[in-house]
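This briefing covers the salt bridges of one model. The sequence and structure come first, followed by notes grouped by topic.

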Amino acid sequence: MSETQTTLGDASTAELKQISIDELKLTELRDVREPVVEEIKERITTSGYNPARPLRVVPRGDTYAVADGNHRLKALQELGVRDTVPCVVEPNRDLLAVAVESNQDEDTYAEPDLFDELDYIAREKERGLTLKEIAAKVDGWSESYVKKRSL
């Protein structure tokens with residue numbers, strides 16, 4: 001019988017919380033695609049908000065930066081919702097790493113494409129990170145993977 005081991009790493013400090021929409025901040029890690037926002041708004045209007053899909057956020061002072069769920073947050077904001085939503089709060093995690101990790105999920109609303117990855121890498125290079133440091137931030141990315149996508 002083979003044994004499977006799962007490690008939580010930094011995720012072991014994650015906490016599920018209800019957070020006011022006003023405390024959540026959209027991030028510019030990737031473009032928010034308006035057709036996706038419209039589809040989510042229609043789904044929320046028809047069926048209500050799905051609490052089984054919490055946003056993933058990283059604390060930033062007295063607000064929370066949204067790493068996963070920017071399309072859902074924008075839809076809620078455009079609908080004028082001023083309530084709380086379930087969020088997985090991930091302290092001491094890198095926003096980019098959480099975003100990329102989340103977008104690899106099979107249930108993602110707006111799958112990232114090559115241009116999203118190019119934007120991620122360019123932003124991190126502008127911050128002064130080396131290709132090796134960028135690769136180290138994202139599980140599954142190697143330095144050669146980042147180099148191939150580096151402008």
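**Salt bridges in the predicted model**

Lys41 and Glu38 form a salt bridge, with 3.2 Å between their closest N and O atoms. The model is a predicted one, and the salt bridges in it number 9.

Pair Lys41 and Glu38
- Both residues of this pair, Lys41 and Glu38, belong to helix H1, which covers residues 34–47.
- Lys41 and Glu38 are 3 residues apart, about one turn of the helix.
- Lys41 has a relative accessible area of 15%, so Lys41 counts as buried, the cut-off being under 20%.
- Glu38 is partly exposed, at 38% relative accessibility.

Pair Arg43 and Glu39
- A second bridge links the side chains of Arg43 and Glu39, at 3.0 Å from N to O.
- Arg43 and Glu39 also lie in helix H1, with a spacing of 4 residues, about one turn of the helix.
- Arg43 is partly exposed, with 32% relative accessible area.
- Glu39 is likewise partly exposed, with 48%.

Pair Asp68 and Arg72
- The side chains of Asp68 and Arg72 meet in a salt bridge with an N to O distance of 3.4 Å.
- Asp68 is buried, at 12% relative accessibility.
- Arg72 is buried as well, at 3% relative accessibility.

Notes:
Residues numbered from 1 in each chain as written. Predicted model: local features only at pLDDT ≥ 70, side-chain atom pairs only at ≥ 80, totals over all residues. Heavy atoms only, no water. Salt bridge = Lys/Arg side-chain N within 4 Å of Asp/Glu carboxyl O. Helix = DSSP H or I, 4+ residues; strand = E, 2+ residues; numbered from the N terminus. Buried < 20%, exposed > 50% of the residue type's maximum accessible area, 1.4 Å probe, protein only.
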